[in-house]
Amino acid sequence: MIETLTQNISKLTAIEQSQLFKMLSDNANILIKVIPNAPLLEYIVNGHTDNTNPIIQAYATWKSNN
């Protein structure tokens, strides 16, 4: 699942990726209630880190630049 998600996110333009990460960041507290145990949402809400997760790495890079 992570591999498919990573592939799909990599197909987005940089602007689309930024919009996606902003939307997730802005709504993470709600999304985690309906999508529990989602690593990226857990990272955004709780700050748990998983340096091996490429999606979290991409989000962390985006967050540090925005």
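**Aromatic cluster and helix packing**

F21, Y43, Y59 and W62 form one aromatic cluster, where rings of Phe, Tyr and Trp (its six-membered ring) pair if their centres lie within 6.5 Å, planes under 30 degrees apart counting as stacked, over 60 as edge-to-face and the rest as tilted. The model is predicted, with local features requiring pLDDT of at least 70 and side-chain atom pairs counted only at pLDDT 80 or more, whereas totals for chains, interfaces and linings use all residues. Residues are numbered from 1 along each chain as its sequence is written, and side-chain values use heavy atoms, leaving out hydrogens and water.

Across the whole structure, 4 aromatic pairs are found. The rings of F21 and Y59 are arranged edge-to-face, at 5.6 Å centre to centre and with 80° between the planes; because F21 belongs to helix α2 and Y59 to helix α4, this pair ties together parts that are 38 residues apart in sequence (helices being DSSP runs of H or I, at least four residues, numbered from the N terminus). Both F21 and Y59 are buried, that is, under 20% relative accessible area with a 1.4 Å probe and protein chains only. Y59 also forms a tilted pair with W62, at 5.5 Å centre to centre and 40° between the planes.

Helices α2 and α3 pack at an angle of about 85°, with their axes 9 Å apart, the axes being lines fitted to C-alpha atoms over the stretch in contact and the angles running from 0 to 180 degrees between N-to-C directions. The two helices, α2 and α3, are therefore roughly perpendicular to each other, a class covering 65 to 115 degrees. Leaving aside neighbours within four places in sequence, L41 is in contact (heavy atoms within 4.5 Å) with L24, A28, L31, I32 and I35.

Methods. Angles under 35 degrees count as roughly parallel, over 145 as roughly antiparallel, 65 to 115 as roughly perpendicular and the rest as oblique. Buried means under 20% relative accessible area, exposed over 50%, partly exposed in between (1.4 Å probe, protein chains only).
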